[in-house]
Amino acid sequence: MRRYSRRTVLSAGASAAVVGVLPAAAFGQQIAPPSTAPVTITYYNYNLATAGIGAEATKELIAEFMAANPHIKVEGVPVASGQILARVQADLVAGRVPDVAQLVFSDLDFIVRNLGVKPLGDIVPASEWAEHTKGMVPAGLRLGAIGDKVYGIAYVFSTPVLFYNATLFKAAGLDPDAPPRTWSEVKTAALALREKTGKNGVYPGVYSEFDWLLQALFLSNGGRSMNEARDRLTFGEQPAVEAVEMLRDLMKSGAHANIREAESGDAFMSGNLGMILTTSVYQRAFLNAAKDKFDLRAAAMPAFGEKPTRPTNSGSALFVMSKDPVKQRAAWELMKFMTSKRGYTIITSKIGYLPLRLDIVDDPAYLGEWVKQNPLVRPNLEQLGRLNQWVAFPGNNYRQISRIQVAAVNEAVFGDGDVAKILREAQDRAQGLMPRS
């Protein structure tokens, strides 16, 4: 059987304790008061570096913000997501401090330890935080936190979605109105798809260079990549091993498409793959590809039997990086707009990420009409109540640790060795790269 090849892993993630929403007492008063004095701030953003709607929607957001706040000029700095952390580091060394930066959640520990980012509680007055976060998904507010301190406010993110080709389901004699709820049902449906249609059954996109979805798989079976104390790796322990053994079984049975990750999206859009577990951000591309060709539908992340799923998040948060109180104020005003009801209306309807505000989902002034016309987003919205933080491995070796974990899962699923042995040995190697207290 052909071995699965991987691209270099750019970021890492690991499980950690889920923290609560910060109490008001955690917030300070260091930010400058509101002002109409002219100020210019830089905004490092990776959506600006993408082609198409992501960049256009972000430009629209910035333009609306500046129209509403004419005294604040925002200079967008487009940098690809895989390069933005390095760019921020280089500019900090050169004395060019970004005022606001959109950074990936998996880099959070490194950002906090090395880039001098202050907790928002040290910058934002408690009353302003309470007013702005009213109506936000509580679990979403924890995504940019370490311990009890929030460093970045969740900006663009999604949860795992099982997209499926309902036309192929019908051809295979499956009920498209009853998509698989568990991994066992996924296997049954995938084998039927392969036998009756000759198409590939399922591709679980847990092999991404960003391991947020892999973490969700472990968590949903009671496992973790790392213990809650953040000092011991656990992806070689039994619950995680069982999750990977499930993937191995899908592969060996023929239910799992034996394709590369880079090929999976195209395989699904061309109608040659029945199911794919991936991010909701692909919804627009999938809809465009399915138009007049097949019936595209979506379901929640499959579960391990009756265990509740514990979906994690992809995406990024916004961080205040300026040390100037006046620019901090302008940065906070921008961040508030980007995560406002209007901001999330644009982000969700035009880019495809989830809204952090569920109170706008059925509101006709915001997302109400769009959600009616785009019901595929519903399973993703429903999972927000069970959202778990995608967090980074600690220390400066976090990317190496992630590479070891992802490579081990790759070897275990697509190879023939003992799954438990592969993961345990990889965990032992990676543990040597963890910070020592």
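# A first look at this predicted chain

The largest nonpolar core has 143 residues, and Tyr-43, Phe-157, Leu-217, Met-275 and Phe-319 are those with the most contacts inside it. A nonpolar core here is a set of buried Ala, Val, Leu, Ile, Met, Phe, Trp, Tyr and Cys residues joined through side-chain atoms within 4.5 Å. Buried means under 20% relative accessible area, exposed means over 50%, and partly exposed lies in between (1.4 Å probe, protein chains only).

This is a predicted model, in which local features need pLDDT of at least 70 and side-chain atom pairs count only at pLDDT 80 or more, while totals for chains, interfaces and linings use all residues. Residues are numbered from 1 along each chain as its sequence is written, and side-chain values use heavy atoms, with hydrogens and water left out.

**The chain as a whole**

- The protein chain has 17 helices and eleven strands; helices (H or I, at least four residues) and strands (E, at least two) are DSSP runs, numbered from the N terminus.
- A compact globule with 437 residues would have a radius of gyration near 22 Å, and the protein chain agrees because its value is 22 Å. That radius is taken over C-alpha atoms, and the globule rule is 2.2 Å times the number of residues to the power 0.38.
- Along the principal axes, the C-alpha atoms fill a box of roughly 70 × 55 × 35 Å.
- Of the 437 residues, 58% count as buried.
- Among contacts with a separation of 6 or more, 80% are between residues 24 or more positions apart; contact means heavy atoms within 4.5 Å.

**Inside the core**

- In soluble globular proteins, nonpolar side chains tend to be buried together.
- Beyond its neighbours within four places in sequence, Tyr-43 has contacts that include Ile-62, Val-74, Tyr-155, Leu-318 and Met-338.
- Helix H8 (212–220) is largely enclosed by the rest of the structure, because nine of its nine residues are buried.
- Among the buried residues of H8 are Trp-212, Gln-215, Leu-217 and Ser-220.
- The cover over the buried residues of H8 includes strand S7 (160–165), helix H7 (183–197), helix H9 (238–253), S9 and helix H16 (398–414).
- After H8 comes Gly-222, with a positive phi near 85°.

- The largest pocket holds about 1,000 Å³ of space. Its lining has 37 residues, and Phe-210, Thr-279, Val-281, Tyr-282 and Tyr-353 are the closest to its centre.
- On a 1 Å grid over the protein atoms alone, a pocket is an open set of points where a 1.4 Å probe fits, with protein on both sides within 12 Å along at least five of seven lines; lining residues have an atom within 4 Å of a point. Grid points are joined across faces, edges and corners, and a volume is the space filled by probe spheres set on the points.
- Helix H10 (261–269), strand S9 (273–279) and helix H11 (283–290) are among the elements that give two or more residues to the lining of the largest pocket. The largest share, six residues, comes from H10.
- The lining of the largest pocket divides into 21 nonpolar, twelve polar and four charged residues. Ala, Val, Leu, Ile, Met, Phe, Trp, Tyr, Cys and Pro count as nonpolar, Asp, Glu, Lys and Arg as charged, and the others, Gly among them, as polar.
- The second largest pocket has a volume of about 170 Å³. Among its 14 lining residues, Gln-283, Arg-284, Leu-287, Trp-370 and Asn-374 are the closest to its centre.

**Single residues to look up**

- Leu-143 sits in the loop between helix H5 (138–141) and strand S4 (145–146) and counts as buried, at 0% relative accessibility. Its contacts beyond four places in sequence include Phe-105, Phe-157 and Leu-387.
- Arg-230, in the loop between H8 and H9, is not a glycine but has a positive phi of about 65°. At 18% relative accessibility, Arg-230 counts as buried.
- Asp-292 also has a positive phi, near 65°, and lies in the loop between H11 and strand S10 (296–300). Asp-292 is exposed, with a relative accessible area of 77%.
- Glu-64, in helix H1, is partly exposed at 27% and touches Phe-337, Arg-342 and Ile-346, not counting residues up to four places away in sequence.
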